[in-house]
Amino acid sequence: MPGQKDTGQKVSDMENRDSREFKGYLITETDKEGKKRILYADDRACEMTGLSVEILLMSDPVKVTGSLETESVALNDDHELWVLNRAGSRRQKMAELERMNAALEDALKAAEAANEAKSSFLSNMSHDIRTPMNAIMGMTSIAISHIDEKVRVQDCLKKIQSASSHLMGLVNDVLDMSRIESGRMTLNEEVFSLADLVHDISVITSPQASRKKQDFSIEIGQILRENLIGDVLHLRQILVNIIGNAVKYTGENGKICVCFTQLEKDPFEERESGPDTVWLDFSCEDNGIGMSPEFLERIFDPFEREENTTASRIEGTGLGMAIVKSLLERMGGRVQVTSREGEGSRFTVQIPFSVAPVHESMALPVGETVLASGLPDEVAVQCGAWLKEEGMKPVFLKTGLETVTWLTEAQYENRMPCALLLGQEFAEMPVLELAAHVSQLAGRDFPVLLVSGEDWAQKEYRAKRAGVSAFVPCPLFKSRLLGILGEMTVKKQERSHEDVRKSRDYSRYHVMLVEDNELNQEIATELLSLTGVQVETAGDGARAVELFEASPEGHFDLIFMDIQMPVMDGYEAAKRIRAMQREDAGRVWIVAMTANAFVEDIRRSREAGMNEHFSKPVDPERLNEILYRRLN
Amino acid sequence: MQPYQEEYIANLREIAVLTAHRKPEENTFDEYEEHLRENRKKADALVKRNMELLRDELFPLLDHLFAADQAQLAGLYKFAGELLNAKEELDTGLFCQIHRALLSLARSKQDRSSMIRELYWLGIGMNSLCRMLAGLELSESGRFLSQMRLCFTEAAAYLKYFDEIDDTETRGYILRSRANMALGQFSRAGTKISLVKQTLEILQDQEYQQKEPALPWERFIYMTHQQMAASMSYSREDAMTAQEIEAVMESVYIVCERQIQEAARNHQFPPPRPVFYYFAVEYFCGMDSLDSLLTKIESLMDKADRQSTSGDSMYSMISLPAFYFQFLQQYPERIPEREEYIGELCQQIITYIISFPEKERNKSFFFSLRQLLYTFLETADGMTYREFLKKMMEVFAPEIYVNALVVGKAAAFFSAAIIAEEPDFFDDIAQIREITDSDKKRREILEFAEGCGLLHDVGKLSFMNLYSGTSRQWFEEEYEMAHLHTSVGGRLLKQRSSTSRYAAAALGHHFWYDGSRGYPEYYRRLEYPERQMTDIIGLVDWLENVTNTARLFVGVEKTFDEAVQEAIALEGKRFSPILTSWLKDVKFAGRLKQIFAEERQNAYRRFYENNHNQVKI
């Protein structure tokens, strides 16, 4: 068949042409040791090997022609002519095809494996979801059938509560995992404070550790920059997850040590670090149940949980560590873990963060004394170093009694410190009792800073009432300590001197003083006037009611109300003011000012609509404190 | 003093007599009941009058303290001195209130001498309040102790300026404050001992003595040695270092030697206190065995004059047994061989304290009673702690006792109604759940309810000055302190087998059902299987309080119907909805009201009958 022939001829021609076009020549020489070198290479040989002639002359001919078909013709004992032939690449094409086939096979296997993983994932998921769901359904049935047996019902409810909270954790983890894997999770770039982050983590995890009576400590190493840029929410999730696991898998009275430090460069030197990058180096070490070498290899795989009797009693979704790893990878970080079964585990995490720009230098009470009392030794050492670095003079005391003695002497000798830092290490007294006495002794303007790892929100009301001016969260960070110290001392001084009129410029505020005694009225008016506030006086409750009624709405910001007065007492006056049909009648702050200190009196003043109770005789510091609190 | 101040003090004394529930002298119960009613009416009128005196006279003066003249201030100072002094403790709360106001005045005037003096007296007042807290954990009493200690510390800090202060009185206050810094409980014996040691060094310093020869240095030093000697009880096991023990021993010898020598000069037996100190020192130093010490204490107690009300007899008859019991509680293996002796001793103690003349009951007497309350030892054949507590309430806190009986009966009535509908309502309690016989179970529940009612307020025995001795409403500080009666009660009951099952009711009866409020903060309702009974006690006690007794302390008084409505309004918050649903039943509420009235009368009758035929003191 001519067509067939033609076609065949064409192919053959093509092959011949290809043969001609794809031939290259080399002349090689073999030295005494049998090693070959190239003496000559034509352009085609350069083209076919992809190397320049200079490179070819320095190369091993066997290696550079490895992918080509070569024929050699001996020129003499030491020299050969090598003909490089691409026409023979048909074999290579075949090889390529084989490679592609193999790749396809691999892809198929991978797809099958993925499918298997998906099935395993679903199977695990179903199991993990079904287990608590079974518990919930089963326990609900038991509770219904024993509805009159209180103890049984209560027991069932406890189990339902536990199972549903486990289920909720599982669902949350799966959602997180799915968000990460589908790429729907985005990382936020926001400025955050490492000090705040560490304090938050401490507040979240310490109570869990304390319930198990564990020795839980957070150490702060070298910190280069405290304000960083990154996704703080996810970072918190990672760290809480790791610490939470340590608490969970460490027994009662166990030990957990968490450490934060910063590095200028990638500790493994795998990645470049720019000048505006620091590496957060976090570690969490425990002496808990540890992990087997087999499990250690799978720890970051989803749904992996250690299968031993101790761990299996501990609930978990098995996704936590997978989420940690995925999140860290997204953040450019890494996690490592070492562990020995029965001895404990150590997790380390390194993450790069951009540093946030520094705005302004802090104003500090340079040259002044800072009294610190009841701080743990290591905090005192660190704190002392920072204060000295910044030109302050720290004085450290251990007990509450020493503190009161020192302050009494200092006050008498006019050498009061600029602030008192109060720790919580007082064996012999509650710290708030000490704060309350100091604030009586030194006045309410004297800054008392509470250094504590506890949750401030829980303590704030009682602490402020006792006279604590501010809270310095622990673990202690330099910028946080100095920032608050500066805020409470330098700015306070500025306010109390030149800027007092601005920051405590109460001239736009109107205060009503209801007091029948002339001398008391005079003293209180004098004290109030010093602050710039506009004082209007009323000699009895009836006059106070008239004055309020006649004033424009919102005119009075505060009312100090005596209780025992002629014509109309303070209770009645407060009630009448509160009962007025005007918008400010309900919200104007009324302070009962009286020596009547019975429980009933306090209750009566509250029932009459007054907001707080202020004991007489008038204490200027307390008066100022109320103004500051209400008008600022 | 001003006439109103004198009147206030006279009223205080009269109120104490009127509320003491003296043993009935009347022939019939009706007469007795009428007498009680009259007394209560008179006492209420006097309390009202006292409140008026404070509101109309004292508080205006405190209000206008800046304007007070020297005579008024001196009068105030004297008045405070009558309220609390070495002999009497008439009204410590008011004493503190006055000195706190005077301290504020001194601070604002920057009058150093007045400040030191007021800090000292406020510290003394706080110390007196803190004595009610003996036996409590430091975590609960710490805040009150700290307030006292900080006052003394601030006053003592002026020691540095001893030379600059030129009046003897202020210098005396500084030194006494310095010594008083070591008053009260400490978490470590070493802290207390080191404070006393430093004080002794200061007092023995010739330079100070020469600067102010007018001060009674020898007395100060002796009293400080007494304070050091009182630290002896810490000398157990590893609580103290060798140096600390040495310091304590030295003081013990100084104190005891003097008293024994004095007794020898007067050809008398040495007083029991130093003799006991001597014996105890020998034991703590390892020179004597515990058995030998116990035998020596027994011989001291046996020698006591049981008819006398002297300080020494009181010490031998109440304090020594308290120490004796404390040793035995620490070493219970010593109890079996002494069971019979302990049983007899308990009877002797009870006879002694109930026949102790009312007029002679002073601060030391009540302090010793509190010691006994904490260490009382119950044995299998002897008096149970429950019986002892009941007797204590009956004799020393009759109003609390009557309230306890009424609450117990009302709780039993409430419980009976509930189990009639829901027999296994109290099945959280294993002891009750295990009873299969329904009649027996019912009896057990009702008995348990009465027991919880009877003992729920035993903690108040530690705060008798606040409750039985009150003659006005409480100040906020006293109100907070009174809250501790639940912790004290819970702790006392928990430690003895005859009362441990009632501990939850004592601890949790002021805690809100929803956990949002109430006290003590550490009470966790769900952790106690007795919670349902505690809920019942909490509700009936509240009904009894707001209709009967709270008017005295916090000025709240409601009719029974008002109280029931308020309880219903607090359903699910303060009170269990299961219980308030019963109150909504008008018939049930009516019957409960009747129970309260009847049982109060029955309680008085029981009181009358129990005491009517007893030998008059």
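## Exercises on strands, helices and cores

V355(A), in strand 11 of chain A, is the bridge partner of L228(A). The model is predicted, so local features need pLDDT of at least 70 and side-chain atom pairs count only at pLDDT 80 or more, while totals for chains, interfaces and linings use all residues. Residues are numbered from 1 along each chain as its sequence is written, and chains are lettered from A and ligands numbered from 1 in the order in which they are written.

**Exercise 1.** Find which strands pair with strand 7 of chain A, and which of its side chains are buried.

*Solution.* 
- Strands (E, at least two residues) and helices (H or I, at least four) are DSSP runs, numbered from the N terminus. Two strands pair if DSSP finds at least two bridges between them.
- Take one partner. Strand 5 (residues 190–193) runs antiparallel to strand 7 of chain A, with 4 bridges. Here F192(A) lies opposite L228(A).
- Take another. Strand 11 (residues 344–355) of chain A also pairs antiparallel with strand 7, over 2 bridges.
- Now sort the faces of strand 7 (residues 227–230). Buried means 20 or more other C-beta atoms within 10 Å of the residue's own, exposed 12 or fewer, partly exposed in between, with C-beta atoms placed from the backbone.
- Check the general rule. Side chains in a regular strand alternate between the two faces of the sheet.

**Exercise 2.** Work out which strands stand at the edges of the open sheet of 4 strands in chain A.

*Solution.* 
- Write the order: 2-1-4-3, with antiparallel pairing.
- Read off the ends. Strand 2 (36–41) and strand 3 (69–74) of chain A each have a single partner strand, so one side of each lacks a neighbour in the sheet.
- Inspect one pair. Strand 1 (residues 23–30) and strand 2 of chain A are joined antiparallel by 5 bridges. T28(A) has I38(A) as its bridge partner in strand 2.

**Exercise 3.** Describe the side of chain A that touches chain B, and say which helix gives the most to it.

*Solution.* 
- Count contacts (C-beta atoms, placed from the backbone, within 7 Å). 35 residues of chain A meet 41 residues of chain B.
- Helix 13 of chain A gives the most, with 7 residues.
- Look at one helix pair. The axes of helix 14 of chain A and helix 6 (residues 138–156) of chain B come within 9 Å and cross at roughly 35°. Axes are lines fitted to C-alpha atoms, for helices over the stretch in contact; angles run from 0 to 180 degrees between N-to-C directions.
- Name the residues. Helix 14 of chain A brings E433(A), L434(A), H437(A) and L441(A); helix 6 of chain B brings R143(B), S146(B), Q147(B), L150(B) and E154(B).

**Exercise 4.** Locate the largest nonpolar core and the contacts of A435(A).

*Solution.* 
- Define it. A nonpolar core is a set of buried Ala, Val, Leu, Ile, Met, Phe, Trp, Tyr and Cys residues joined through C-beta atoms within 7 Å.
- State its size: 257 residues. Those with the most contacts inside it include A435(A), L422(A) and A155(B).
- Leaving aside neighbours within four places in sequence, A435(A) contacts L422(A), V448(A), A466(A), G467(A) and V468(A).

Key
Contact = placed C-beta atoms within 7 Å.
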